[in-house]
Amino acid sequence: MEKIKILSILLFAYLFTACGDMNSVYQEYLDRGESIYIGIADSLTIIPGNHRAKIRWKLDADPKLKDCVISWGDSDSAVFEITRTSFDPEWMEVEVSNLPEGSLIFTAYTRDIYGNCSLKKEKSQKIYGEKYIQNLSFRKVSSIDVYSPNRLVMNWSAMENSVGVNFHYININNKKVDLFIAPNETEVTLTDFVMGGEYSYETLYVPVVNCIDTFSTVSKVDNFPDSYILDKSTWKVIDLSSEETASENSPAINIIDNDPNTYWHNVWSSETPILPHFITVDMQTVKKLKSITIAKRLGNTDLKKAHIELSMDNINWKKVGEVEFIQSADPNSDFISLLDFVEARYLKLVITESYRTPHTSVSEIYVTGLDQ
């Protein structure tokens, strides 16, 4: 019996203590007073830009909503008055400027006319600026081919993450031309450019989908070529050391036929002269030459060393440059760049060394310059 009394006393003490704890928690809520939670900034969306962001959220239908507080960082914030077109749920959109570059945590909550606040909504978003711009790269011009004073073809390298290029130049009528070159455009033809004239361009980027700003690199400035690829349709071969036309169709005329699949080869007979081999071309009129490209027979490794000589009268010759190839099919061509325009009517290709002496071949020569 004594044990039962002791257990009863202990149970009573426990229940009394538990009830006291529950009353204290209840009293804490009573002391706080009643809290009224209004409609939150629902479906919060942050759309980034250049040191700015567009912020969207869905408004509650509560007609007492007064404003929305947007904060970021440690102490920066902005207050936006809520304006309605109806009391149905609708979207509100505001813009915040002068944001620091980097990853920010945005906090948004609404307030009503009585000062009540909604629960806070948070969303992180990267904001872009100068550091992002400094790391942008230019889309590259892979080549510029000028075929006449009024036809130029620019070839652009592919660039998947760019959204385009803004291209500028002054045309032959002294007017500024602004072109947009889309990312999928790899070839652009100009017909009103100025030979040797200046051009510039900026490469454009959008870092994320729906970004409110398009970013661009600084302007890249360069010049169009001051010469074009000369037309060889009237040129003639007037002298040569030898050519093979019996066992294969490889005459010297093939080096000026504009077909890289055809080629010249020296004669195969046992009477083949030793190196050097040469081919002399009459360009029919005096040209101003700026560069000469020598292209090997496709897939062939024979040609080692060659040079170009120029003449006005086919008597007095001047060597203007030399090329030397490695024993490989690639690169297929090499060029001689003249420091300034050189006037000439006659051009001589001289082959001095071969990896398969004395045999060798050439597929084409290309000359840039100006017609007189």
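**Figure 1. Pro-358 in the loop between β22 and β23 of a predicted model.** Pro-358 is placed in the loop that runs between β22 and β23 (361-362). Helices (H or I, at least four residues) and strands (E, at least two) are DSSP runs, numbered from the N terminus. The peptide bond joining Thr-357 and Pro-358 is cis, with omega about 0°. Residues are numbered from 1 along each chain as its sequence is written. Because the model is predicted, local features need pLDDT of at least 70 and side-chain atom pairs count only at pLDDT 80 or more, while totals for chains, interfaces and linings use all residues, and side-chain values use heavy atoms, with hydrogens and water left out.

**Figure 2. The cis peptide bond between Asp-330 and Pro-331.** Omega of this bond is about 5°. Pro-331 sits in the loop between β21 (318-324) and β22 (333-354). Most residues other than glycine have a negative phi, and most peptide bonds are trans.

**Figure 3. Ser-43, a residue with positive phi in strand β1.** Strand β1 covers residues 42-48 and includes Ser-43. Phi of Ser-43 is near 55°, and the residue is not a glycine. Ser-43 counts as partly exposed because its relative accessibility is 34%; buried means under 20% relative accessible area, exposed over 50%, and partly exposed in between (1.4 Å probe, protein chains only).

**Figure 4. Asn-258, a residue with positive phi in a loop.** The loop lies between β17 (236-240) and β18 (264-265). Asn-258 has a phi of about 60° although it is not a glycine. With 45% relative accessibility, Asn-258 is therefore counted as partly exposed.

Figure 5. Ser-363 is in the loop between β23 and β24 (364-371). Leaving aside residues up to four places away in sequence, Ser-363 touches several residues, among them Asn-254, Ile-255, Asp-259 and Pro-260; contact means heavy atoms within 4.5 Å. Ala-295, Lys-296 and Arg-297 are also among the residues touched by Ser-363. The C-alpha atoms of Ser-363 and Ala-295 are 5.7 Å apart in space, although the two residues are 68 residues apart in sequence. The side chain of Ser-363 reaches the backbone oxygen of Lys-296 at 2.9 Å.

**Figure 6. The whole protein, for context.** The secondary structure comes to two helices and 24 strands. Of the 372 residues, 39% count as buried.

Note on methods. A polar contact is a pair of N or O atoms within 3.5 Å; within protein, one must be able to donate a hydrogen and the other to accept it, and residues adjacent in sequence count only if both atoms are side-chain atoms.
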